[in-house]
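Welcome! Here is a short briefing to read alongside the sequence and the 3D view. Take a moment to look at both before going on.

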Amino acid sequence: MHNCEIFVKTNIAFTDYQDVLAHIGECMVKAGVVENTYPHALLNREAEFPTGIQLEQHAVAIPHCEASHARSPAIYLIRPDAPVEFFQADDEGTVPASLIVALIVTHPSEQLKLLRQLFGQLQKPEFLEQLLTAPEHQLSSIFEQHVFSQAEEKMSPVYI
Amino acid sequence: MKRKIIVACGGAVATSTLAAEEIKELCAAQNIEVDLVQCRVTEIETYMDGAHLICTTARVDRKFGDIPLVHGMPFISGVGMDALREQILTLLQE
């Protein structure tokens, strides 16, 4: 996942998951990493294939959509003030996502290594705990250490 | 006997590839020969002929005849992974 940008955001409140998706869409369009079709595609994809995942101690959501709406690879990490209910990926019902990891993927097969690393790390309670408690300015370096260093990929942190 | 397994995901981020790798490893360790087919959940019907198992990382609300369906999300989340491995082996050995 070459030149994958990391965006981070904390201290933000949402009314519901659609509010989260709208925010992601707007920010990613503004950042220039996605096409104008992305916000709509993101909403549609989540409606059809929800992305809430219950991990051991916390729940996360990994909203994403087809690669055709992406211009360049990016990850947008959002830690909302309060958990947001997302529909579960593999079950009925919702989970309270305390972390939202939006994946902007241009070439799924090329970026598989990074995704494997990301999902592997998210399974570790201590990594998630760090992401949930660390100050905003440290988030991208924590992410880099755990996800990118092993994936041997280049990244550049961006704050918005 | 060779087992045909379909691994399907929603199609955007290749979570099915991650699940497929886990299943491949699991079956190799148990000397179960497998024929793995990877597709999107919308394409399962196209490949289901002769399949012994379907594993999806996205929710599907429909049935595929007598072919057992398991949820592969534990391979992504890590929660319930051992139970899922057991379940898959049991289904494949029946």
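How many residues of chain A are in contact with chain B, and how many of chain B with chain A? In this predicted model, 23 residues of chain A are in contact with 24 residues of chain B.

**The interface by area**

- The size of an interface is often given as the accessible area lost when the parts come together.
- For chain A and chain B, about 1,900 Å² is buried between them, and carbon and sulfur atoms account for 64% of it.
- On the side of chain A, the residues that lose the most area to chain B are A:Phe49, A:Asp90 and A:Gln123, which together make up 27% of what that side buries.

**Contacts across the interface**

- Two salt bridges are found across the interface of chain A and chain B.
- A salt bridge joins the side chains of A:Glu66 and B:Arg40, with 3.4 Å from N to O.
- Seven residue pairs are in polar contact between chain A and chain B, counting pairs with both residues at pLDDT 80 or more.

**What chain A brings to the interface**

- Strand 2 (52-54) and helix 3 (112-122) of chain A each supply at least two residues of the side that touches chain B.
- Helix 3 of chain A gives the most to that side, with four residues.

- In helix 2 (residues 38-48) of chain A, the buried residues are A:Tyr38, A:Ala41, A:Leu42, A:Arg45 and A:Glu46.
- These residues lie on the same side of helix 2 of chain A, because they cover an arc of only 130° around the axis.
- On the other side of helix 2 of chain A, you can find A:His40, A:Ala47 and A:Glu48, which are exposed.
- The cover over the buried residues of helix 2 includes helix 1 (17-31), strand 2, strand 5 (84-87) and strand 6 (94-104) of chain A.

**A look at B:Met1**

- Where is B:Met1 found? B:Met1 sits in the segment before strand 1 (3-9) of chain B.
- Is B:Met1 buried or exposed? B:Met1 counts as exposed because its relative accessible area is 76%, and the cut-off for exposed is over 50%.
- Leaving out residues up to four places away in sequence, B:Met1 touches B:Glu33 and B:His52.
- B:Met1 and B:Glu33 are 32 residues apart along the chain, yet their C-alpha atoms are separated by 6.9 Å.

Notes. Residues numbered from 1 in each chain as written. Chains lettered and ligands numbered in written order. Predicted model: local features only at pLDDT ≥ 70, side-chain atom pairs only at ≥ 80, totals over all residues. Heavy atoms only, no water. Contact = heavy atoms within 4.5 Å. Buried area = accessible area lost by both parts, 1.4 Å probe. Salt bridge = Lys/Arg side-chain N within 4 Å of Asp/Glu carboxyl O. Polar contact = N/O pair within 3.5 Å; in protein donor to acceptor, adjacent residues only side chain to side chain. Buried < 20%, exposed > 50% of the residue type's maximum accessible area, 1.4 Å probe, protein only. Arc of directions from axis to C-beta.
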